[in-house]
Amino acid sequence: MSAGGEKRSAAAATADRVRAVLEAAEQSAAELRAEAAEEIEGRLARAQSVAERLSGRADEIERSLQALADRVRDELSALKADLEELRAVGEGIGADAPAAEPRPEPAPEPPAPAEEPAEEETAVEEAPTEEPAAAASKEPAATASASGAGHEGARVIALNMALNGASREETARYLSENFELDDPEALLDEVYAQVSG
C-alpha cells in the first residue's frame, strides 16, 4: 500500500473514533436530560401534592374558625338577650318593691316646769319615756315591712341597683337600712360578680 493510502486509512479511522465519541457523548447527554426531566417532574408532582394538602388544610381551618366565630356570636347574642331580660325583670321588681318607711325621730323632751309639786315632777319625768317606747315599737314594724320581700327580694333589688350603676357601698347601705339579712356581703359578692361578668 502506498503512503497516501495509509494516511487516508488513518484519517478514516480517526474520524470513526471521533464519531463514536460524539455519539457516546450525545447518548450520555440524552440520558442525563431524561433523568433530570424525570427528577424535576417527580419533584413538581410532590410539590403539587403538598400544596394541595396545605390548601385543603387551610380550607378546613378557615371553616372551623368560621364555625367558631358563628358560635361565639350566637352565644354573645343569647347572653345579651338574657341580660336585657334580667334587667327588665329587675326594674319591674324594683318598681313594685315597697318604699322604705321613714324612721320616726324621737320627740324632744319637754322642759320641766319651774315650780311643781313632787308628784307632778315624777309624772313629767316618766312622760318622755313612753314616747321613745312608742318610737321603738314603730321602728321594728317598719323594718319588718321593708324586709318582707325576703332574701330573694333583696337580691333582685341589689341586682337592679347594680345594673343601674349604683356603687357597692350605696347598695349595701340600702340593704342594711331596709332588709335584715344574715350575710349581706355574700349577696353583694354574688350580685356584683354577675354584673361584672
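These legends go with close-up views of charged side chains in a predicted model. Local features need pLDDT of at least 70 and side-chain atom pairs count only at pLDDT 80 or more, while totals for chains, interfaces and linings use all residues. Residues are numbered from 1 along each chain as its sequence is written, and side-chain values use heavy atoms, with hydrogens and water left out.

**View 1. Glu60 and Arg57 pair up in a salt bridge.** A salt bridge here is a side-chain nitrogen of Lys or Arg within 4 Å of a carboxyl oxygen of Asp or Glu, and a search of the whole structure turns up eight. In this one, the closest N and O atoms sit 3.4 Å apart. The two residues are three apart in helix α1, so about one helical turn separates them. Helices are DSSP runs (H or I, at least four residues), numbered from the N terminus. Glu60 is partly exposed at 38% relative accessible area, and Arg57 is partly exposed at 46%. Partly exposed falls between buried (under 20%) and exposed (over 50%), using a 1.4 Å probe and protein chains only.

**View 2. Arg87 forms a salt bridge with Glu84.** Their closest N and O atoms are 3.2 Å apart. Arg87 counts as partly exposed, at 25% relative accessibility.

**View 3. Arg168 meets Glu185 in a salt bridge.** Here the closest N and O atoms are 2.9 Å apart. Arg168 lies in helix α4 (residues 168-178) and Glu185 in helix α5 (residues 184-196), so the pair ties together parts 17 residues apart in sequence. Salt bridges with shared partners link Arg168, Glu185 and Asp189 into one network.
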